[in-house]
Amino acid sequence: MHAPAVDAKVDQVRKRLDAARNHAPAVFASSFGAEDMVLFDLIAREFREIEIATLDTGRLPPETYDLIQQATTAYRCKVRIYSPRHEAVESFVRINGINGFYDSTAQRKDCCEVRKLEPLKRALAGKRAWVTGLRRDQAVTRQQLDEVAFDTTQGLYKFSPLAQWTEEDVWHYIRSRGVPYNALHDRGYPSIGCAPCTRAVQPGEDIRAGRWWWESSAGKECGLHPQGVKA
Ligand code: SF4
């Protein structure tokens with residue numbers, strides 16, 4: 001990828017972030033994956049009116065916690081961290097076991113509901129727009145992704161400024177600007193979620209093959225990004 005081509009894409013992202021900022025209050029829900037570090041870099045430098053939030057599921061890999069600490073220190077910015085309700089986690093574990101998410105897709109989804117979806121609802125409460133680092137070619141479930149859409153599930157505008165970016169664009173941005181990133185990316189993890197539900201992939205494998213690898217590829221979403229959105 002030539003630098004001017006990426007620069008043009010970055011300018012387009014700036015326009016989207018400016019639009020998101022104009023839908024105040026807006027929040028960037030970051031997972032601290034590679035795509036989200038592109039947006040983190042831009043938002044922390046140029047769009048500070050957009051709040052940065054993340055979901056600490058309690059099961060993240062240590063490398064993700066290290067990156068959260070590293071990035072907030074380097075950029076001198078605040079990240080609002082949402083944790084799950086402890087009563088809900090205790091109830092899930094009491095009924096299903098500490099790693100009960102492996103036993104069935106239903107239990108896995110229940111765990112994602114408790115550790116991700118409910119905290120996300122709180123992160124989005126009262127907001128008019130949220131920003132995500134989703135890209136179309138990350139998954140079959142994301143191929144129709146719009147850069148701007150009304151999220152009918154959450155009831156606010158959803159901005160995905162990197163929708164048309166390639167993986168190569170993302171890494172060009174990160175490497176050419178020295179943006180910090182999760183150490184697991186260098187160990188074969190293109191997509192990073194909770195530690196027990198993420199593993200490395202082999203070269204040539206689908207980039208989300210390491211997420212919930214024991215399930216079929218068609219439904220491999222945690223529910224944070226259902227398709228209830230209108231362009
Ligand atoms: S990714 Fe795994 S550990 Fe994390 S919330 Fe979902 S099921 Fe639970």
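How are H4 and H5 oriented to each other, roughly parallel or roughly antiparallel? Let's work that out from this predicted model.

Two packed helices are described by the angle between their axes and the distance between the axes. Here, the axes of helix H4 (residues 86-96) and helix H5 (residues 105-124) come within 10 Å and cross at roughly 170°. Angles over 145 degrees count as roughly antiparallel, and H4 and H5 are therefore roughly antiparallel to each other.

| Helix | Residues | Residues in the contact |
|---|---|---|
| H4 | 86-96 | Ala88, Val89, Phe92 and Asn96 |
| H5 | 105-124 | Gln107, Asp110, Cys111, Val114, Arg115 and Glu118 |

Sorted by class, the contact between H4 and H5 has five nonpolar, two polar and three charged residues.

Together with Phe101, Cys194 and Cys197, Cys111 and Arg115 come nearest among the 13 residues around the ligand. The shell around the ligand divides into seven nonpolar, two polar and four charged residues.

Now for the whole chain. The protein chain has six helices and seven strands, which run α-β-α-β-α-β-α-α-β-β-β-α-β from the N terminus on. The radius of gyration is 17 Å, close to the 17 Å that the globule rule gives for 231 residues, so the protein chain is as compact as a globular protein of that length. Its C-alpha atoms fill a box of roughly 50 × 40 × 35 Å along the principal axes. Of the 231 residues, 36% count as buried. Among contacts with a separation of 6 or more, 73% come from residues 24 or more positions apart.

How values were computed. Residues are numbered from 1 along each chain as its sequence is written. This is a predicted model: local features need pLDDT of at least 70, side-chain atom pairs count only at pLDDT 80 or more; totals for chains, interfaces and linings use all residues. A residue is near a molecule or strand if its C-beta atom, placed from the backbone, lies within 6 Å of it. Ala, Val, Leu, Ile, Met, Phe, Trp, Tyr, Cys and Pro count as nonpolar, Asp, Glu, Lys and Arg as charged, and the others, Gly among them, as polar. Helices (H or I, at least four residues) and strands (E, at least two) are DSSP runs, numbered from the N terminus. The radius of gyration is taken over C-alpha atoms; the globule rule is 2.2 Å times the number of residues to the power 0.38. A residue is buried if 20 or more other C-beta atoms lie within 10 Å of its own, exposed if 12 or fewer, and partly exposed in between; C-beta atoms are placed from the backbone. Two residues are in contact if their C-beta atoms, placed from the backbone, lie within 7 Å. Axes are lines fitted to C-alpha atoms, for helices over the stretch in contact, and angles run from 0 to 180 degrees between N-to-C directions. Angles under 35 degrees count as roughly parallel, over 145 as roughly antiparallel, 65 to 115 as roughly perpendicular and the rest as oblique.
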